[in-house]
Structure formats: C-alpha cells, structure tokens
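Hi,

Here is the structure I said I would pass on to you.

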Amino acid sequence: GTSDPYVKFKLNGKTLYKSKVVYKNLNPVWDETVVLPVQTLDQKLWIKVYDRDLTSSDFMGSAFVALTELELNRTTEQVLKLEDPNSLEDDMGVILLNLSLAVKQGEFKRNSSFMRSMRLSESLRKNQLWNGLVTITLLEGKNMPGGGLAEIFILLKLGDQRYKSKTLCKSTNPQWREQFDFHYFSDRKDMLDIEVWRKDNKKHAELLGT
C-alpha cells in the first residue's frame, strides 16, 4: 500500500522537531534542515517515523543516534535502520540523515543559547534557510577610553543574533581572541553592529561607541 509519513526528533522524551508530512509515498524526501539545542552529549537522539492518519498516527519504526559518536564540525551521512519490536515486518526501511555537531560559542545576552537555537529552528521551519556562516574573530582593542580602570566587552549583533565577548580585565589594550559564528541569510539586508561597552561595576555598563 502507501503511507503519509512524517518524522519526530526526540531528546529525553521531548519532541524537539516534527517534520512535514509527505503524502502517499513510501520513499519520502523531506529535505528539511533543523538545529536542535543539545545540553549534553551523553544522550540519544531518537528518530521516530509515523504514518499520518486523520484520527491517529500509526508508528512506522524508530532509530537512534548516540550523540557521542558524532564528529565535531563535520557532517556525516547516517543511514539508520528503522525498527519496531511489535511489528511482524522484517524490513521496516531506513531513514537518511546528514548530521553535524557544532559548539555554540560566546554568550548570548538576555537570552540563552537554548532559546537562540530554538528561534533558529523556528526560522528554518518557516523555510528561511540560512545559506552561509559568517565567522568573526574578535582580536584586540587599542587605546580604550578608561580601559585602565574599567572592564571592556564587545557586543556583536546581526539581525536577531547577538554575541557578547567575555569581559576583560582592566586594560587599555584588551585581547579577546574569540571566534563567533553567525548564520547568514542572503535575502536579508542585516548590518553587523559592533558595540563597545565599559563595565564599571556589576550593575553599571556604559556604551562607549558603535
């Protein structure tokens, strides 16, 4: 017969992403990209396939990926054999994924990296696929005003993505040497904003320039 398959991605029992349904197809092509936020690697990413039905969805098998087996910054193709212990079928088919693991660098002011990843997956879901990465390396500052007395940090903003450098010890020539990756959307005209901030004490920060 035929089926209307869709896929759920689960971590710790929570569904983090649900794909679109491909109707009347036993060889579905989804071609969807999603960024899933991961706190630790000692867990399994479960991929569960369902057949969409008007009243309920039928389970069509599952597979998992151990996150510790993924390589950092390298995309690998995974062919996962679907299994269902309750099925009489010998062959449940396979699912193909391209997976890569990346470290999120830099802090994210007023918002956690988790929320940023979720927002990114939201935008991916709306098919605003980013088509590039902008990597920015923040090296050093020179002749910072009041840098000898106050701590200096940098805020980098591109669209709704923002990074904050680590705050530095009191220095007029601070050296950060930090790298930040921004997602680039060619259909947007976002400017990269660079703000220099001075932190006099825990509560007070002053914008020195942009």
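In this predicted model, Glu195 and Lys157 meet through their side chains in a salt bridge, with 3.0 Å from N to O. This pair links distant parts of the chain: Glu195 sits in strand β11 (residues 192–199) and Lys157 in strand β8 (residues 151–158), 38 residues apart. Are the two partners buried or exposed? Glu195 has a relative accessibility of 11%, so it counts as buried. Lys157 comes out at 18%, and it counts as buried as well.

The side chains of Arg198 and Glu206 form another salt bridge, this one at 2.6 Å from N to O.

One of its links is the salt bridge between Lys142 and Glu140, where the closest N and O atoms are 3.8 Å apart. The cut-off for a salt bridge is 4 Å, so this pair is within it. Lys142 is exposed, with a relative accessible area of 59%, while Glu140 counts as partly exposed at 35%.

How many salt bridges does a search of the whole structure find? The search gives four.

Best wishes

Key
Residues numbered from 1 in each chain as written. Predicted model: local features only at pLDDT ≥ 70, side-chain atom pairs only at ≥ 80, totals over all residues. Heavy atoms only, no water. Buried < 20%, exposed > 50% of the residue type's maximum accessible area, 1.4 Å probe, protein only. Helix = DSSP H or I, 4+ residues; strand = E, 2+ residues; numbered from the N terminus.
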